[in-house]
Amino acid sequence: MILIKSKFYRCILFIVLAYLLSIFFNGSLTNSLIYSEISQASESAFSIEEPNDLSLAKERSRPNEPPEAGHSDPFSFILIELALIILVAMIGRWVAIKFNQPAVLGELLIGVILGNITYWFGSPLSLFVMHLSDTSQIFERVWVSGESVSEAAKQIFTGDELEPGGIGYRLVQLMTGPGSSKIIFMGIALWLFSNLGVILLLFMVGLESSIKEMLQVGPRATLVAIIGVVCPFILGYASSMFLLSESSSSVHLFIAATLCATSVGITARVFKDLNRIQTPEAKIILGAAVIDDILGLVILAVVAGIAATGEVKFLDIGRILLLSIIFLGVIILFGERFIRRITPLVHIIDRDNSKLLFPLALAFFLSWIASLIGLATIVGAFAAGLILEEVHYAANSNNKTTIEATIKPLETIFAPIFFVLMGMQVNLGSFLQRETIWIAIALIVVAILGKIVSGIPAGRETDRLSVGLGMIPRGEVGLIFASVGKGLGVISDSIFSAVVIMVIVTTIITPILLKWSLYRRVEGSRAQ
């Protein structure tokens, strides 16, 4: 009887959630949420031109929206968005655990399911999220250059894409049509929450490590990073020359550069889910990911310079290397000393919340510094976690709760949003394009083999296969590389779709393969 009731309540929960999601993503709920003056101001800022004819866009006159009723919060739609995404992540995590899989896999897959179903039903928000990289480029041009959305879109999309029915046309319609500010605010909020989530995740990973531990695996992590960049680059270039023999060398270079990237967020989450973050494999992968990020930036600078001007910009390369070395050197040499000196002052200012507010401020500040240099923000967050230790608070705080335990609730809320959002950006329609599928298969094979080989220098006492598998996911980093090539006109739509498929597959299979590899080693040691 208890079992029947349990199943009954689960069915009711799923039905209610499905109903809320359907009305939410298809606009019925959001259309009933009326905006105030902030919304109207935002729409006027972004909706300068009507995209009925993108070549001769006309100035639009929009009917006035009804006044806001009562005292409802004009941003309450963001709250329901956050609530639904958290519930969806909970369900995905629960299903994955039921099948003995890492929780992150469930969050990714339920994001894929949610994103594609709502996308097929024509949800404006899903269209915005599915093409987040394109909308981000439009936003950047609008804010930096002052261009209208339509003019910015002309600099990003091809003529065919700007024709009625094309993705460029649909995005411009979305961002300039009635109720556009609702979708823009919702998309930006989701993007902000997801980025906050991955920053908190890597900050938590850093808290569970130390500079001393990272230095112990430093030489091996460096070799893993170098091989993990060189091997995929060589294999990618060779594969591109074989499959796309008529393409220019710039195309081969960009495809090879895309395969060099590593997105450590997925791997870090798997190690945390399996309580293996303290293992040598995890330390080597995290150390290698930092170095990989620097090498990836150098390669991107070289390849972009060759594609744009036909020459290597040594000044840009030198700047990236110098600033990265200074940043990491200062963290390693002076980070812990600074923390020891500043924590007594922090306790004087706010003793009760010192383990929450100062660590978060430090993580966000170093993330910002890393971004200024050109590194990923998660590198700064990880570095902040490395230099913070409980011993710094022992003499000045009566609070026995650890920093990790204090930050964990925030990470638990926001980190799943990052993985659900990554899943929502996976367009399953990409797998149906025959002209790109063979290129995608070749890229997937090269992407996996090139990173597995990188685990060889990890050492005999380390599970080298797990290290290699942990370096596989490309995630958003691979998409950034590919979008740069597309923006320069080097990578065609079919090649870009193949890269997207490669990123999707490497992101989704890593949790499965990594869990199998880690448990394989445990079972082997038990058998002995």
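The lining of the second largest pocket divides into 13 nonpolar residues, 3 polar ones and no charged ones, where Ala, Val, Leu, Ile, Met, Phe, Trp, Tyr, Cys and Pro count as nonpolar, Asp, Glu, Lys and Arg as charged, and the others, Gly among them, as polar. This is a predicted model, in which local features need pLDDT of at least 70 and side-chain atom pairs count only at pLDDT 80 or more, while totals for chains, interfaces and linings use all residues. Residues are numbered from 1 along each chain as its sequence is written, and side-chain values use heavy atoms, with hydrogens and water left out.

The second largest pocket has a volume of about 380 Å³, and of the 16 residues that line it, Met214, Leu215, Val290, Leu328 and Ile332 lie nearest its centre. Two or more lining residues come from each of helix H11 (211-216), H12, H15, helix H16 (314-349) and H18, and H18 gives the most, with 4 residues. Helices here are DSSP runs (H or I, at least four residues), as strands are (E, at least two), numbered from the N terminus. On a 1 Å grid over the protein atoms alone, a pocket is an open set of points with protein on both sides within 12 Å along at least five of seven lines, a cavity is a set where a 1.4 Å probe fits but cannot get out, and lining residues have an atom within 4 Å of a point. Grid points are joined across faces, edges and corners, and a volume is the space filled by probe spheres set on the points.

The structure also holds 4 cavities of 30 Å³ or more. The largest cavity, with a volume of about 130 Å³, is lined by 14 residues, of which Val264, Ala289, Val290, Ile378 and Val379 lie nearest its centre. Helix H15 (280-309) and helix H18 (377-387) each supply at least two residues of this lining, the largest share, 5 residues, coming from H15; by class, the lining has 10 nonpolar, 2 polar and 2 charged residues.

The second largest cavity, with about 40 Å³ of space, is lined by Ser239, Ser240, Leu243, Leu244, Ile255, Ile439 and Leu443.

Among the buried residues of H9 are Tyr169, Leu171 and Met175.

Methods: Buried < 20%, exposed > 50% of the residue type's maximum accessible area, 1.4 Å probe, protein only.
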